[in-house]
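The following exercises concern one protein chain.

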Amino acid sequence: MKRNIYLKKKSLNEAKEIVSRLAELIHLGTETISVIQSLGRVTAEPIFAKISSPPFHCAAMDGIAVRAEATYGATEDSPKVLTVGREAFFVNTGHPIPPLTNAVIMIEEVHQIDSEQVEVMQAAYPWQHVRAVGEDIVATEMVFPENHQITSYDIGALLASGHGNILVKKKPKVLILPTGSELVELTDINHSEPLSKIIESNSYVLSHLIIEDGGDPVRHGIVMDDLDKIRETLFSNYEKVDLILIIAGSSAGSEDFTRSIIESSGEVYVHGISMMPGKPSLLGKFKDKPMVGIPGYPVSAILAYEELVKPLLYKVLHLTRPERTKIKVFPIRKIPSKLGTEEFLRVKVGKVGNKFYASPLPRGSGMITSLTKADGIIRIPSFSEGLEEGQEIETELLRPLEEILNTIVMVGSHDLILDLLANHLGKDYPPLFLSSHSVGSLGGLLAIKHGICHMAGLHLLDPETGQYNLPYVQNYLKGIEVKLITLVHRDQGLIVQPQNPKKINGWVDLLRKDISFINRQKGSGTRILLDHELQKLSIDPAQINGYEKEEFTHMAVASMVASGMVDAGLGILSAAKAMDLDFIPVAKERYDLVIPTIYVEEEKVQKVIEVIRSNRFKEEVLRMGGYDVSRTGDEIRITYNQAPMTK
C-alpha cells in the first residue's frame, strides 16, 4: 500500500479552531441523579432552593432562649431572675428556639438558681446567638445556575436547600479505539516467553484523562492493522458515543488507515499539526460524529489529548478549562528547536538561589517517563529556533509549586544510588524531592560554577596525581567555597553479555574486529577513566568499534549490552547486576558530592547529608552490590597544593 502524506497539515491554533467547531456537533442529553453522587457533574438547569436553610430560627450556641426585652437592665450587681419554661428555655446548638423568643444567652453566662429559676447578669440583644430562618439559603432563591460544575461543598448546599436529586448533563461518551498489530494487552502476555509486542497503555491513560475532564470513556479492545476490521469496528460503535478517539493509524505509514477510513465515511479537516510531539494528529468527522486521530507514541498521544480533546470536552460541557500555574524559568543550556513547529518541551525545574532553572528531559515522543518525571512544560513557539542558555521563559507547572520549592537540584555524574537517595528523602523527610540530571562529572562542576544547582556528583580521576575529584574542584571552582562529601566508593568495569560469550578480558580485547563498544559522553568520569587507561596502553581510541557512540547513564550502557546491540561498555557493577550482565572490574573509584557552602546549611541540603550518613542508607547501598560505604558521609578537606585530608 502506498504511504500517506500530510495533505491537510495545520498550525496548532488552526487545529484548535476546528476543534471548537467539532464540539458543536455534540448535543448532550440530560439525566436526573442523586445529589450525593453528583460530584463533578454539570447542572442542566438552574437549581432553586426548595426550603430555607436553616428552615427555622435556631440556637447558634448552647444556652437559654429568651425574649431579649425581658433581660434589659440586667447587670452583675442587679441580675435578672427568669422562670424556666416561661421566660427562659434551655436549648442546644441547632435546635429551634421556642415561639416568642428572639435571643440565646450562652450557658456559661447563665447562673441556675434551681430547677425553676435562672439569673442572667447581662442583657441580651435581639437575635443574639440566633440563626434566623434563611440565614444561609432562602427558599426559592437560585442556589446554582445552569452549566455549574458541582463541587464537594456544593453537595452540602444542595442537600441543605432540600434537593435529593438534580438534573445534570449526561457525560460525553468517548469511544477509545486502540489500533496496531504491534500491540498486546498486558493480560495476554506469556511471561515465560520473550516479549515481542508492545503493551497497549495509551487507551488506559486517555480513559482516566477523560474521566478527570468529565467524560465517560468507552474503551474498545485492540484492533489489528486491518482496514476492514477498523472500519467495521467504527460502524458498530459510532452511534453509541458522542466522540471517537482512534489511537495510531493517522501517521504517514503504509498501514496507517485512519485518514482513508474517515475520507470514505465522513470528512478529514486536519491531517498533521505543526506541533511536537503530536504531529500525526488528525481531526475529522466519521458519519455525524466528531473524531480525533491520536498518535501512537505515548507522549504524542497525551499532548494531542491535552491540546485537542480536553478543550473539546470542556466546551461541550460549557466549562472553563483550568489554568496551570505558570512561572518564569531559565534553561540551564541552549535548546535548539525546529522552526515552524510548536514544541512542548518537558523539563525538570528547581529553585536555586532566587531563580528557577529548567533542565530539559529527553524529547522522544515514545518516552512516557519524560512526562512522569517532568515538573513543567515549556512551549517553544513555532517562530522560534529554540532557547538560549539563561533566556527567561514561561513554564506551565505539572506539579504544585510547593514541591518545586522543596526540590534539591543535583547535576553531574549518574549513579543508581541516587534513586535510592531520592526515595529515602521522600520517605523520611516529606515533602523533599531530589532532582538529579545526568550531564557528566565535568558538567556538574560547570553547573556549580554557574550557580544553577545545589550539588553535583563527580568521579573524576586526575591522571597526573592519581587522585579523584579534588584536583578538578581546585581547578574549576577557584573562588567558590564548597564542601566535598564522599558518597561511595564503587567498582567500575567492562559490562559484557551473560557468560561473556566473546571472552572479553580487558582493554586490549576492545580492539578486536568482532567486538562492538558503547561509550559514555565527553566530560563524564567514566569517559575520562577510559581515555586514561587507553592512553596508558597506547591504544588509539579510533580503533575501537563504537568509541564514538555515546550514552549518558550507566543503565543506558547496560541496556545497550543487554539488548545485544553492543558487546561491551564501561560502567558500574550495580548497573551490570541490575540487568543480569557479567562484569570485568578495572578500577575502584570515589564518587563525591560537591556542595557550595552557601547551600550547605539549608535544611533540605542538611537532610541529604543526614540520609547519606545514616546506617539504613548505607545498608541498602551495600545490598545493591559493587559499593564500598566505609567512607560514606566523610567530608574531604579542600586545601591547595596539599593532598586531600579526610575529616
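**Exercise 1.** In which loop does Ser384 lie?

*Solution.* Ser384 is found in the loop between β26 (376-380) and β27 (386-387); helices (H or I, at least four residues) and strands (E, at least two) are DSSP runs, numbered from the N terminus. The structure is a predicted model, in which local features need pLDDT of at least 70 and side-chain atom pairs count only at pLDDT 80 or more, while totals for chains, interfaces and linings use all residues. Residues are numbered from 1 along each chain as its sequence is written, and side-chain values use heavy atoms, with hydrogens and water left out. The relative accessibility of Ser384 is 14%, so Ser384 counts as buried (buried means under 20% relative accessible area, exposed over 50%, partly exposed in between, with a 1.4 Å probe and protein chains only).

**Exercise 2.** Describe the overall dimensions and secondary structure of the chain.

*Solution.* Begin with the count of elements: the chain has 17 helices and 39 strands. Next, consider the radius of gyration, taken over C-alpha atoms; the globule rule is 2.2 Å times the number of residues to the power 0.38. For 647 residues a compact globule would have a value near 26 Å, but the chain has 34 Å. The C-alpha trace spans about 110 × 75 × 50 Å along the principal axes. Finally, 51% of the 647 residues are buried.

**Exercise 3.** Which residues are linked by ring pairs into a cluster with Phe286?

*Solution.* Rings of Phe, Tyr and Trp (its six-membered ring) pair if their centres lie within 6.5 Å; planes under 30 degrees apart count as stacked, over 60 as edge-to-face and the rest as tilted. Across the whole structure, five aromatic pairs are found. In one of these, Phe235 and Phe286 have ring centres 5.1 Å apart and planes at 70°, so the pair is edge-to-face. This pair links distant parts of the chain, since Phe235 belongs to helix α4 (residues 227-237) and Phe286 to strand β20 (residues 282-286), 51 residues apart. Phe235 is partly exposed at 36% relative accessible area, whereas Phe286, at 0%, is buried. A further edge-to-face pair joins Tyr238 and Phe286, at 5.6 Å centre to centre and 80° between the planes. Here too distant parts are linked: Tyr238 lies in the loop between α4 and β17 (243-247), 48 residues from Phe286. Tyr238 and Phe286 are both buried. The cluster therefore comprises Phe235, Tyr238 and Phe286, linked by ring pairs.

**Exercise 4.** Which charged residues lie over the rings of Phe330 and Phe433?

*Solution.* The criterion is that NZ of Lys or CZ of Arg is within 6 Å of the ring centre and within 35 degrees of the ring normal. Over the face of Phe330 lies Lys355, at 4.8 Å from the ring centre. Over the ring of Phe433 sits the charged end of Arg399, 4.6 Å from its centre.

**Exercise 5.** How many salt bridges are there, and why does the pair of Glu31 and Arg41 tie together separate parts of the sequence?

*Solution.* A salt bridge is a side-chain nitrogen of Lys or Arg within 4 Å of a carboxyl oxygen of Asp or Glu. The count comes to 37 salt bridges. One of them joins Glu31 to Arg41, with the closest N and O atoms 2.5 Å apart. Glu31 lies in strand β1 (residues 30-34) and Arg41 in the loop between β1 and β2 (47-48), so the pair ties together parts 10 residues apart in sequence. Glu31 is partly exposed, at 30% relative accessible area, while Arg41 is buried, at 11%.

Two further bridges can be treated likewise. Arg131 and Glu135 approach to 2.8 Å between their closest N and O atoms; Arg131 is partly exposed at 30%, and Glu135 is partly exposed at 48%. For Arg631 and Asp634 the corresponding distance is 2.7 Å; Arg631 is partly exposed at 37%, but Asp634 is buried at 16%. A network of salt bridges also links several residues, among them Lys16, Asp213, Arg321 and Glu396.
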